[in-house]
Amino acid sequence: MSSTTQSFPDRIELTGEGLVLRDWTAADLASMPGLFDHPDIAYWTPIVSPFDDEAARNRLDRARELRKEGTAILLAITVDGGAPLGEVMLKRAPEGTELGYALGPAHRGRGLAARAVRVMAAYAFEQLGVDQVILELEAENASSVGVATRAGFRLLDVPLITGEEKGRPYALQTWGLDRS
C-alpha cells in the first residue's frame, strides 16, 4: 500500500435497502462454490472457474490481502447478516473507484445487486469521500446493464476498455454514479 492510499477498516458491515453487507468469513467457504461456480459468472466476470473449495479459500485469502493493501473491499451480500447471497466489491483503480458484484443464481431477480451497489456507493461517497463510482460492464450483459440503470448509473462517454480474459475478448462500457 502506498503512503497516499487510505487503508480500509479491519471490519466492515454496511446496512441499508434491506441488506447487510458484511465481511466474508471462514464459515462462508462452504457456500461460496454454490454462489460463484456458474456459467454466467464464469463468462461475465473475472472470478475463477471452476469455482471449487480451493477457489473459495483463495478468494477469501485474496480479499483479506486486498483489504490490508487498501486496494479493494469484498463483502458478502446478505439480507440479515447471515447466509451470503452474493458479493459486492469496491476497488480503487487508476480509472476511479470501481464497484462490482456477483449474485448466486438462486438469488437473482430480487433487486439484490442494484441495492448492494447503491449501499456500497453510499459508503464510497460518505466514508471515502469519492465524487464518483463506476461500473465496467459489457453492453451484451443485459442483466448488468439493468443493474446499472436501476442503481442510478449513467453510461459515460469514455472509450471502451478492451482486452481478453479466460480466452475471450471483451469490451467494457463505463457507467458512472456521481455523489448527489
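The structure holds 13 salt bridges, a salt bridge being a side-chain nitrogen of Lys or Arg within 4 Å of a carboxyl oxygen of Asp or Glu. The model is predicted, so local features need pLDDT of at least 70 and side-chain atom pairs count only at pLDDT 80 or more, while totals for chains, interfaces and linings use all residues. Residues are numbered from 1 along each chain as its sequence is written, and side-chain values use heavy atoms, with hydrogens and water left out.

Helices (H or I, at least four residues) and strands (E, at least two) are DSSP runs, numbered from the N terminus. Helix α3 covers residues 53–69, 17 residues in total, and reaches 24 Å from its first C-alpha to its last, close to the 24 Å expected at 1.5 Å a residue. The expected span is 1.5 Å times one less than the number of residues in the helix. Within α3, the residues A55, A56, L60, A63, L66 and R67 are buried. Seen down the helix axis, these buried residues fall within an arc of 140°, so they line one face of α3; the arc is that of the directions from the helix axis to the C-beta atoms. E54 and K68 are exposed on the other side of α3. Here buried means under 20% relative accessible area, exposed over 50%, and partly exposed in between (1.4 Å probe, protein chains only).

The buried residues of α3 pack against β2 (19–23), α1 (32–36) and β3 (72–78), where contact means heavy atoms within 4.5 Å. At the N-terminal end, D52 caps α3, with a side-chain oxygen 3.2 Å from the backbone nitrogen of E54. Such a polar contact is a pair of N or O atoms within 3.5 Å; within protein, one must be able to donate a hydrogen and the other to accept it, and residues adjacent in sequence count only if both atoms are side-chain atoms. After α3 comes G70, whose phi is positive, near 80°.

Among the salt bridges is that of R118 with E17, in which the closest N and O atoms are 2.7 Å apart. R118 lies in helix α4 (residues 112–127) and E17 in the loop between β1 (13–16) and β2, so the pair ties together parts that are 101 residues apart in sequence. R118 is partly exposed at 27% relative accessibility, and E17 is partly exposed at 37%.

A salt bridge also joins the side chains of E138 and R168 (2.4 Å, N to O). E138 belongs to strand β6 (residues 132–138) and R168 to strand β9 (residues 168–178), so this pair ties together parts 30 residues apart in sequence. E138 is buried, with a relative accessible area of 9%, and R168 is buried, with 15%.

Strand β9 also takes part in several strand pairings, two strands being paired if DSSP finds at least two bridges between them. Strands β6 and β9 run antiparallel and are joined by 7 bridges; L137 has Q173 as its bridge partner in β9. β7 and β9 pair in the antiparallel sense over 2 bridges, with W175 in β9 as the bridge partner of L155. Strand β8 (residues 161–165) pairs with β9 in the antiparallel sense over 5 bridges, and I161 stands opposite L172 in β9. The hairpin of β8 and β9 has 2 residues between the strands, and K166 takes a positive phi near 55° there.
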